[in-house]
Amino acid sequence: MNKTKGSISVPAEPYEFTFDPEHVALVCIDFQRDFMEAGGFGESLGNDVSTLRGSIKPTRAVLDLFREKGWTVIHTREGHREDLTDLFPAKRDRGNPSLRIGDEGPMGRLLTRGSAGHEIIPELAPIEGEVILDKPGKGAFYGTDLETILRAKSITQLIITGVTTEVCVQSTAREANDRGFECLILSDCTGSYFQEFYDAALNMFKAQGGIVGWVGTSTSLLAAVDSAT
Ligand code: TIU
């Protein structure tokens, strides 16, 4: 079985994911109040946002590990400019929702930069020195300088967490994979409003020998780092 280059091996599917801490980044995708809390964009689409809460605690454990080790952490946020000049009508009007992006909700303007709902939940809030990347789309590479940031830091491998599994996590992992980055998705650190989409997205990532990437868990990662360092 092929092995990726590096020094820490994490049990994963379809086979172990081996990474070098100097070339890895933890990517926390869109852990925003708009998706995770009542009154935000996610709920405005008709979703039960409580389904995502289980991903918080394991992600915090991984975040703490990266902070303790001084490894690279990147947080993304989906949202638009206050003047909405970066919002395509096709995205604004999709599904003809009762509230649209930019409209006032209980946490301020939905999916709009500067509003309370656009902020990352306090449990996973960024700290000094971590990258915060604002993105207008689902994938974190589209319309952003993420690739430049990763190349400048010589990052080649991504450990991916975030919400939702089949939307922004899936889009980002696919964009990363096509750019030559190796992705380990932590199943307990991601969440979906739909159990069947969560299962299917993770199964798709790791199928065909890891066609998009690897799927592991936070506990396997923590144990592997503990025994290797
Ligand atoms: N609706 C949904 O499941 N997700 C999104 O709109 N964005 C992200 O996944 N971040």
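When I speak of helices and strands today, I mean DSSP runs numbered from the N terminus, where a helix is H or I over at least four residues and a strand is E over at least two. What we have on the screen is a predicted model, in which local features need pLDDT of at least 70 and side-chain atom pairs count only at pLDDT 80 or more, while totals for chains, interfaces and linings use all residues. Residues are numbered from 1 along each chain as its sequence is written, and side-chain values use heavy atoms, with hydrogens and water left out.

Let me begin with the sheet. It is an open sheet of six strands with parallel pairing, and reading across it the order is β7-β4-β3-β8-β9-β10, where two strands are said to pair if DSSP finds at least two bridges between them. At the edges stand β7 (131-135) and β10 (214-216), each of which pairs on one side only. From one strand to the next the twist averages 25°, and angles here run from 0 to 180 degrees between N-to-C directions, with axes being lines fitted to C-alpha atoms, for helices over the stretch in contact.

Now please look at strand β3, which covers residues 24-29. Which strands does β3 pair with in the parallel sense? One of them is β8 (residues 157-163), over six bridges, and there Cys28 stands opposite Thr161; another is β4 (residues 72-78), over five bridges, where Ile29 stands opposite Thr76. Strand β4 in turn pairs with β7 in the parallel sense, over five bridges, and Ile74 stands opposite Val131 in β7.

Is β3 mostly covered or mostly open? It is mostly covered, since six of its six residues are buried, and buried means under 20% relative accessible area, with exposed meaning over 50% and partly exposed lying in between, using a 1.4 Å probe and protein chains only. Both faces take part in this, with Val24, Leu26 and Cys28 buried on one side and Ala25, Val27 and Ile29 buried on the other.

Helix α7 lies across β9 (182-191) and β10, running at about 165° to β9, while helix α8 (residues 218-228) lies across β8 and β9, at about 125° to β9; contact here means heavy atoms within 4.5 Å.

Next, some details of the backbone. Most residues other than glycine have a negative phi, and most peptide bonds are trans. Another cis peptide bond joins Val163 and Thr164, with omega about -10°. Ser154, although not a glycine, has a positive phi of about 55°; this serine lies in the loop between α5 (146-152) and β8, and is partly exposed at 39% relative accessible area. Gln208 also has a positive phi of about 55°, but this residue is found in α7 (residues 195-210), and is exposed at 70%.

Finally, how many disulfides does the structure hold? The structure holds zero, a disulfide being a pair of cysteine sulfur atoms within 2.5 Å. For Cys183 there is a reason to give, because its sulfur is 14 Å from the closest cysteine sulfur, in Cys28, which is too far for a bond. Cys183 is buried at 0% relative accessibility, and Cys168 is buried too, with a relative accessible area of 3%.
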